[in-house]
Amino acid sequence: MTPLLKVQNVGKTYGKGANTFTALSNISFEVGKGEFVGVMGPSGAGKSTLLNVLATIDTPTTGEIIIGDTNLARMKDAELADFRRDNLGFIFQDYNLLDSLTVRENIVLPLAIAKMPTKAINARVDRIAALFGISDLLDKYPYQISGGQKQRTASSRALVTEPKLIFADEPTGALDSKSATDLLESLSDLNQTQAATIMMVTHDAFAASFCQRILFIQDGRLSKEIHRGTLTRKQFFQEILQVLSSIGGGVNDVI
Amino acid sequence: MTLFSLARKNIQRNLSNYFLYIASMVFSIVIYFTFVTLKYNDDLSALKQSSQQIKGLMSASSVVLLFFIVIFMAYSNSFFMKKRKKEVALYSLLGVRKQKIGLMLFFENLVIGLVSLVLGIVLGFFMSQGLLMILVRLMGYEVVGSLTFSMDALMNTTGIFTLLFLFTSLQGYRVIYQFKLIDLFHAEKQGEQIPRASLVAALLGTALIAFGYYTAASDMFTSEIWRFFTVLGTPLMVIGVTIAGTYLLFHTVSVFVLTALKRATSWSWKGLNLIGVSQLLYRIRANAKSLSIIAILSATTITAGGGVFGMYYNAEATVRQMLPNTFMWKGDTVEFSQKDVLYNEALSVKNLRVDNEFSFFEYTLLKESDYNRLAKLQGKDQELHIADGSTVLLDAAYDDRFSHDFTGEDFKLQNGDSFHVERMFTESVLNFIPAGTVLVVNDQEFTATNDAEEVIMQVVGLDNDLKQQDVSQDIYKQLSSEQQESFSSVPQSYEDSLATVGALLFVGSFLGLVFLAATGSIIYFKILTEAEEDQAKYAILNKIGVNSKQILKTVAGQVAVIFSAPLIVGIVHSAFALLAFSQLFGMNITKPVILWMVAYSAIYFIYYIFTVRSFYKIVRQGNN
């Protein structure tokens, strides 16, 4: 199987001269099509930096990132924006919905930007809204709905373009456990039924247990990788907790 | 730490935030101080007859200016307070009593006021001296303005602005007492409630504006409306009606158009159109209010500037219309410098007393051959061949509202003879003083008309005639007192009208400039504050794959709507106001008015470019 995402020796350094801070160094891994990959690590380990770099929101100092057959390192700012529009979907911890748009319009936005015909937009929006259970909320404004509903709206917006790769940055960070479970189940469902490729950054072992594979980052380096294989979600959850306590730092986050 | 030092340190540390606010305060003070300095200036009052007019004009204008400054300061103060809401909330959250926060803001405002007052007066002093020179030159005088510091102006400015600062400080207090902690968490997320696009309000708005336009465009001498509201009341009524109409129109029509656009998904769901429309709708109430204010300000500026510029532009034309020859007087010729002389003729004409059913008047009878010769000398491409018993009437003072058009009628003379009026020209070849209305007849008829007094008239044409003031005085001195009464001179008349119109032009363009700068600044403030609030939104857009070019496009589009809507309304408003104005003075001011509108729009456009650039810069900062 050819990998969808190929990360080779990626490094990211902030600052100049004596004041440099290395956020990422020498990270290499691959993600195949249809995988649900989690990235874990203690606070400040570089999880979000890695995701931002992969998501083309930030640029790496060294190394190559190849999505499909496109090398992101060689692209200009404008090309990157277009690439994001056409290939990537994002789910953020703080939803990042636009307050001035209704739920429907928020979901429509990426399709409108991609200049899709109105009819096709409607069909897609209705389908994705049904999938996330927000069909009744379409004409409300973000300030009128709850956090969980906002995150489902944000997820619908990320997925409505049917992106090759979905990035989620602590998507359950601001949700209560019920809403978090609902969202994770929807994502997992999407991953299994539609073979959507998802990469999720989280420090929550429960959220991570929905993934099939987890990469651990520590001090900017890849430190460990575990696979779910045939384990149940609960067994996998236990394994994650063990790894976290063995690499330290993360336990506090969990408890 | 005392409250005072806390306030002082607050300003020191947040200087960049305060900069815009202080700048707008200083700006207001500079403008006002400059203006009152000019008002109290001794050099100006020492000037000739027009000084009384200027004083009156300046007093009236300073009231307008003050009114405007109050609006402007209230505006920038409320922007400033809005920006600081979070800071106030933080103090409140940390447990500082509202009373204390209020006292602190009060001190702060006082410090800002003091600093801007000193800065403004120093800058205003230098600016007033510069402007004084310009004013004197525009009026065509050669007085050297000396640097004088006017105590009156200082007292006036200090007094007024102390009052204003007290007022804005109280406004600050009000904000603090109205403020609720919950605002900190929900601030601005909610957007403004979208007002209903009511058909009644839209119709009412349109009707009000239409009525205002109709009144302005109708003839003030015959219109019933003008008679009913009187000449003084009607303009006020028109202004009131138009302002109300403008507000209603912006309030309802903008909502109507924007929601319609948003609903038309085949348009709005294309690219970033959705964002542009939603952003405009999001702040619709505030937008409606500020767009109306801007539209009214623009209309005022364009009208004032256009009217005054039109008069200045017409000053020469009016003089030339009445006085086609550089000099003209009755009687014998005199000695004068022959430099620049194009022609110097003695004309033999006849003085006619004519009675007709409308009035009796003195007319000048002119030979066809003399007419043709003079017309050629004056560069008019016209040769007359008049039949026996006919005449061509030359009436430079013709006004179709008051004057009778004789074309095609018989013009009866005192002795019972009559001429058939073939044509009438509003351009004469003789100066209106002393010739008045002129009848041109062919040479035989001229000789045949014998019961009219023969008069000799001197006509002189000079090159570069506007600058021939010395020659004009030279001639004037040599004339007998009777001749002096009949003497007319282009340079003299031009200078006289410049003295009045020049002062008008100065006041007009000064106010125009102030209004323009302030209008631009209001929009600039408004948009930039919004840009800061919207930073996060554009950051989201960037993350979901909108490139910077598209963001620039939608930003430029939104700002264009906010700039162009009031400009267009302002231009249309002022077009009707100027129509009334040109009627009142019987002047054709189309060309200068269009020039002025273009100039205004051009400066406005520069503001637009600046605003878009700053907006875009702020938005881009949010991406990183």
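1. Which residues does A:L109 touch, not counting residues up to four places away in sequence? In this predicted model, the contacts of A:L109 are A:L101 and A:R157, together with B:L274 of chain B. The residue itself belongs to helix α3 of chain A, which covers residues 103-113.

2. Is A:L109 buried or exposed? With 26 other C-beta atoms within 10 Å, A:L109 is buried, because the cut-off for that label is 20 or more. From A:L109 to A:V201 the separation is 92 residues in sequence and 24 Å in space, taken from C-alpha to C-alpha.

3. Elsewhere in chain A, four strands in the order β2-β1-β4-β5 form an open sheet with antiparallel pairing. The edges are taken by β2 (21-32) and β5 (70-71) of chain A, and each has a single partner strand, so one side of each is left without a neighbour in the sheet. Helix α1 of chain A, residues 47-54, packs on this sheet and touches β1, β2 and β4 (62-67) of chain A, while its direction makes about 60 degrees with that of β2(A).

4. Within that sheet, strand β1 of chain A (residues 3-14) pairs with β2(A) in the antiparallel sense over eight bridges, and A:V7 stands opposite A:F29 in β2(A).

5. In chain B, strand β6 (residues 418-425) pairs in the parallel sense with strand β4 (residues 390-394) over five bridges, where B:L393 stands opposite B:M424. Strand β5 of chain B (residues 410-412) pairs with β6(B) in the antiparallel sense over three bridges, and here B:F411 stands opposite B:F419.

Note on methods
Residues numbered from 1 in each chain as written. Chains lettered and ligands numbered in written order. Predicted model: local features only at pLDDT ≥ 70, side-chain atom pairs only at ≥ 80, totals over all residues. Pairing = 2+ DSSP bridges. Helix = DSSP H or I, 4+ residues; strand = E, 2+ residues; numbered from the N terminus. Contact = placed C-beta atoms within 7 Å. Axes fitted to C-alpha atoms, helices over the stretch in contact; angles between N-to-C directions. Buried ≥ 20, exposed ≤ 12 C-beta atoms within 10 Å, placed from the backbone.
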